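The structure is shown first.

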Amino acid sequence: MTQVVISGTGVFTPPYSISNQELVEAFNTYVRKFNSDNAEAIARGEVEALNESSVEFIVKASGIESRFVMNKSGIIDPEIMAPRLRQRSNEEPSILAEMAVDAAKKAMARANKTAADIDAVIVACSNLERPYPAIAVEVQDLLGIEGFGFDMNVACSSATFGIQTAYDMLRSGSVNCVLIVDPEICSGHLNFRDRDSHFIFGDVCTAIILERAETCTAQGAWEILGTRLLTKFSNNIRNNFGFLNRATPEGIGAKDKLFVQEGRKVFKEVVPMVSKLILDHMADEGLDPKDLKRMWLHQANKNMNDLIGKKVLGRDPEPGEQPNILNTYANTSSAGSIIAFSQYSEDLKPGDLGLICSFGAGYSAGNVLVRKRA
């Protein structure tokens with residue numbers, strides 16, 4: 001079968017950053033006002049008082065210290081606590097496409113590719129701003145790429161599922177080069193008034209170029225040794241927002257129309273599932289986990305990643321073996337593992353073995369085993 005490589009990556013980072021302290025100040029201001037406005041009902045036991053958040057709680061729970069966002073002012077305003085983005089006309093590039101084009105151009109430059117070299121565009125992300133026309137087709141048009149494009153959504157695993165989709169198309173010979181972009185405005189589906197999750201997400205966009213090995217001219221490309229995907233149904237991470245909401249108006253504005261999760265259950269169930277997926281995949285490929293030089297894991301929770309790394313390696317990961325970008329980017333859904341890969345891969349040597357792994361709602365999980373080319 002045709003050998004496939006990752007020849008370039010790119011990252012678009014939003015212009016605004018919110019520290020834990022800023023987020024906590026906004027949240028606690030909201031909490032104090034809520035408790036004051038509802039003091040009598042709280043005293044009667046009719047309303048439950050809200051608890052304040054803290055920087056220490058956020059860091060201990062997640063390892064997150066700050067996050068980038070497309071809009072800051074709305075999120076840290078206790079009266080709004082949501083991003084505020086300008087409505088764009090149909091004649092303007094959509095915001096997801098604009099982010100995607102920025103990341104794509106960076107990936108194309110690293111891969112030594114022009115629009116004429118790319119046959120397909122896949123937009124793979126958790127939240128698409130519209131059902132049609134596809135964001136991928138819009139990105140294709142903005143970049144001047146011939147061929148085709150389509151959108152796909154597998155929540156936090158969208159990037160790795162997109163990689164396998166492109167990998168399969170390349171190995172079959174139907175295309176020679178594929179661009180995958182993962183635009184994530186996660187702040188748009190986050191409930192900033194929920195203490196357990198108000199700190200989790202940030203915004204970003206990543207891009208990846210996959211191509212047939214014989215066409216690759218980029219330095220430091222990565223050969224894909226194998227991919228593996230897994231899904232298991234779970235309600236423990238869920239978002240019920242969708243086009244049918246208007247058909248059931250009694251649910252409009254309910255908490256489940258934003259991101260909700262049972263965090264402890266997710267931790268308990270996903271860690272063994274992902275660890276087993278990685279170990280089984282490597283065994284089937286005849287690879288020893290001890291030979292892994294680096295793991296670029298989904299960036300959702302540092303404690304979760306540390307435990308997965310320990311189960312895979314049989315020991316605590318050493319500094320540098322499992323890069324963490326949560327401290328500055330927070331959870332960026334499908335883009336997290338690709339940010340880590342893009343920022344922490346160039347120092348590795350030819351022949352070094354690595355693993356890109358994502359996991360999240362679904363449950364879904366995806367592995368991409370890679371080896372650095374000479």
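## Aromatic pairs

Eight aromatic pairs turn up in a search of the whole structure, which is a predicted model. One of the pairs is formed by Phe148 and Phe150 and is stacked, with 6.4 Å centre to centre and 5° between the planes. Phe201 and Phe259 form an edge-to-face pair, with 4.9 Å centre to centre and 90° between the planes. This second pair links distant parts of the chain, 58 residues apart. Phe201 lies in the loop between β6 (177-185) and β7 (203-212), while Phe259 lies in the loop between β9 (237-238) and β10 (260-261). One aromatic cluster consists of Trp222, Trp296 and Phe341.

| Residue | Relative accessible area | Class |
|---|---|---|
| Phe148 | 35% | partly exposed |
| Phe150 | 28% | partly exposed |
| Phe201 | 3% | buried |
| Phe259 | 7% | buried |

## Helix α8

Helix α8 has 12 residues (302-313). At 1.5 Å a residue the helix should span 16 Å, and the end C-alpha atoms are 16 Å apart, so the two values agree.

At the start of α8, the backbone nitrogen of Asn303 has a side-chain oxygen of Asn301 within 2.9 Å. After the helix comes Gly314, with a positive phi near 80°.

Which residues of α8 are buried? They are Met304, Asn305, Ile308, Gly309, Val312 and Leu313. These residues cover an arc of only 145° around the axis, so they sit on the same side of α8. The buried residues of α8 pack against α7 (263-284), β11 (292-297) and β12 (353-360).

## Cysteines

How many disulfides does a search of the whole structure find? The search finds zero. For Cys177, the closest cysteine sulfur is in Cys216, and the distance of 9.4 Å is too far for a bond. The cut-off for a disulfide is a pair of cysteine sulfur atoms within 2.5 Å. Cys205 is also in no disulfide, as the nearest cysteine sulfur, in Cys125, is 8.3 Å away. Cys177 is buried, with a relative accessible area of 2%, and Cys205 is buried at 0% relative accessibility.

How values were computed
Residues numbered from 1 in each chain as written. Predicted model: local features only at pLDDT ≥ 70, side-chain atom pairs only at ≥ 80, totals over all residues. Heavy atoms only, no water. Buried < 20%, exposed > 50% of the residue type's maximum accessible area, 1.4 Å probe, protein only. Helix = DSSP H or I, 4+ residues; strand = E, 2+ residues; numbered from the N terminus. Expected span 1.5 Å × (residues − 1). Arc of directions from axis to C-beta. Contact = heavy atoms within 4.5 Å. Polar contact = N/O pair within 3.5 Å; in protein donor to acceptor, adjacent residues only side chain to side chain. Phe/Tyr/Trp six-rings, centres within 6.5 Å; stacked < 30°, edge-to-face > 60°.
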